[in-house]
Amino acid sequence: MRTEQLQAQLLRVLSDAIAGLQDPRVPMIVTVERVALTPDYSLARVYVSSMSGEMEDLLEALRGARGHLQRQVADQVRLRRTPTLEFYAAGERW
């Protein structure tokens, strides 16, 4: 699978998984702007934005739910190893 295809699939899976989180720090509408994979697929940098809510609270909530989100990725994306997820505000350097 090509890197671009895998990044698009991760973006879709993570968007759905984040929308299902029940954490009050996660606003109703969170957009996954971009997913950037390292060449060896060991790390996925996830860039998110939100129209409402505090970005630091959102990032803290997503970092706290990292294990749950990685399980969602492992269940829905066929990879030998699931990449470690790191969350950033969409305005940060890509």
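Two strands are taken as paired if DSSP finds at least two bridges between them; strands (E, at least two residues) and helices (H or I, at least four) are DSSP runs numbered from the N terminus. The model is predicted: local features need pLDDT of at least 70, side-chain atom pairs count only at pLDDT 80 or more, and totals for chains, interfaces and linings use all residues. Residues are numbered from 1 along each chain as its sequence is written, and side-chain values use heavy atoms, with hydrogens and water left out.

**View A. Pairing of strands S2 and S3.** Strand S2 (residues 43-50) pairs with S3 in the parallel sense over 6 bridges. Arg45 has Glu86 in S3 as its bridge partner.

**View B. The open sheet.** The order of the 3 strands is S1-S2-S3, with mixed pairing. Strand S1 (30-37) and strand S3 (84-89) are the edge strands, each pairing on one side only. From one strand to the next, the twist averages 25 degrees.

**View C. Helices on the sheet.** Helix H1 (residues 3-19) lies across S1, S2 and S3 and runs at about 145 degrees to S1; angles run from 0 to 180 degrees between N-to-C directions, with axes fitted to C-alpha atoms, for helices over the stretch in contact. Helix H2 (residues 55-64) packs on the sheet and touches S1, S2 and S3; contact means heavy atoms within 4.5 Å.

**View D. Surroundings of Val46.** Leaving aside residues up to four places away in sequence, Val46 touches Leu14, Val32, Arg34, Val35, Leu85, Glu86, Phe87 and Tyr88.
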